[in-house]
Amino acid sequence: MMATRRSIAIIGASGQLGSDLSLVCEERGHKTIRLNHTNIEVSNLNNVDNVLSASKPDIIINTAAFHNVNECENDLKKAFSINSIGASHVARVAKKINAKSIFISTDYVFAGEKDVRASYTEKEATHPINVYGISKLAGEGLVLMQDTNSLVVRVSSLFGEAGSKEKGGNFIDKILYKAQQEDPLSIVNDQWMTPTYTLDAAEAIIRLAEKNIKGVIHVTNPASCTWFDFASMALNLYGLSSKIKPISYSSFKSDVQRPHNSSLATNRLREILGEPLRHWENALKHYLQKKYY
Ligand SMILES: NC(=O)c1ccc[n+]([C@@H]2O[C@H](COP(=O)([O-])OP(=O)(O)OC[C@H]3O[C@@H](n4cnc5c(N)ncnc54)[C@H](OP(=O)(O)O)[C@@H]3O)[C@@H](O)[C@H]2O)c1
């Protein structure tokens, strides 16, 4: 059965997740208002108010973020002005115009100290260990504080056709490129996460919006893996026989702490949608076919 037609504004519509959200939104028959950074600046309350009040959407999905984890560490002001205060501005205006607010957040709100076989549920205590995670957690709190009808969607390790705008592509694209330049590739094998295909996440998020789900929810493709597992599978599926070497995160000279295991559990999503998203390996196959063949 088709859902009631809604007017849905997508902030960050040309981004990796935003572009698939826009696509799915249109496919499902909703009026889609694509807002790019040239149309809206989330850190400016007046601008957010003017833009959203003019279009008066029923639902606003905010994907805008400053999410380069290393850069966030050195630019707290920018991290908080976009990820926290910007998130609050959008939720505040949403409340004013009686729109539902959906904020896209991250697995980095967790410390990642769990055993590698375990994953975080929505009910577990958050404890970010870097500036990016802290700024996104503050964003979550500010969004839910404005309106308890809001929805916070945590995704992790995104891969999608558009590639991350801020990071200049996603992990898979970079691996496939580097595999043809470097021999061997060194990839971290002691950080666990749940990869998320933006096309699958977008479909799930729009369905959650149609059902007016509120609170916090994890949206990722099931099963966790390390970056090494993820890269190995991509190379294998793509038919590249490059050598790949597992390394530990500590061998990088980085001052930025990252969670050891930030895998997200998706039981709530499965209960609401009646089925889980496909396994990340199948999502990766679909992605490679769509983008590279
Ligand atoms: N990428 C990941 O692996 C990952 C993992 C976990 C969570 N997330 C979260 O998922 C969301 C989407 O990520 P993504 O990979 O799709 O990001 P993306 O490709 O970088 O897209 C973000 C979009 O937001 C826009 N934007 C940035 N700052 C803005 C501002 N101040 N005001 C208005 N628009 C602004 C960007 O426009 P310009 O590029 O033109 O500035 C871009 O179109 C983010 O909230 C991120 O925190 C991402």
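Reader: What does Glu 124 count as, and at what relative accessibility?
Author: Glu 124 counts as partly exposed, since its relative accessibility is 26%. Buried means under 20% relative accessible area, exposed means over 50%, and partly exposed is in between, with a 1.4 Å probe and protein chains only.

Reader: What sort of model is this?
Author: It is a predicted model, in which local features need pLDDT of at least 70 and side-chain atom pairs count only at pLDDT 80 or more, while totals for chains, interfaces and linings use all residues. Residues are numbered from 1 along each chain as its sequence is written, and side-chain values use heavy atoms, with hydrogens and water left out.

Reader: Which side chain meets Glu 124 in a salt bridge?
Author: That of Lys 114, at 2.7 Å from N to O. Both residues lie in the loop between β4 (100-106) and α5 (131-146), so the pair ties together parts that are 10 residues apart in sequence. A salt bridge here is a side-chain nitrogen of Lys or Arg within 4 Å of a carboxyl oxygen of Asp or Glu. Helices (H or I, at least four residues) and strands (E, at least two) are DSSP runs, numbered from the N terminus.

Reader: How many salt bridges in the whole structure?
Author: A search finds 10. One of them joins Asp 115 and Arg 117 at 3.0 Å, N to O. Asp 115 is partly exposed at 40%, and Arg 117 is exposed at 74%. Another joins Glu 26 and Arg 34, with the closest N and O atoms 3.2 Å apart.

Reader: Which residues are linked in a network of salt bridges?
Author: Arg 28, Glu 203 and Glu 210.

Reader: Glu 210 is in α7, then. How many residues of α7 are buried?
Author: 11 of its 13, so α7 is mostly covered. Glu 210 is among the buried ones, as are Asp 200 and Leu 208. The helix covers residues 198-210 and reaches 18 Å from its first C-alpha to its last, close to the 18 Å expected. The expected span is 1.5 Å times one less than the number of residues.

Reader: What follows α7?
Author: Asn 212, with a positive phi near 55 degrees.

Reader: Now the core. Which residues have the most contacts inside the largest one?
Author: Ile 61 and Val 219, in a nonpolar core of 49 residues. The largest share of this core, 8 residues, comes from α7. Such a core is a set of buried Ala, Val, Leu, Ile, Met, Phe, Trp, Tyr and Cys residues joined through side-chain atoms within 4.5 Å.

Reader: What does Val 219 contact?
Author: Leaving aside neighbours within four places in sequence, its contacts include Ala 201, Ala 204 and Leu 208, along with Val 153 and Leu 277. Contact means heavy atoms within 4.5 Å.
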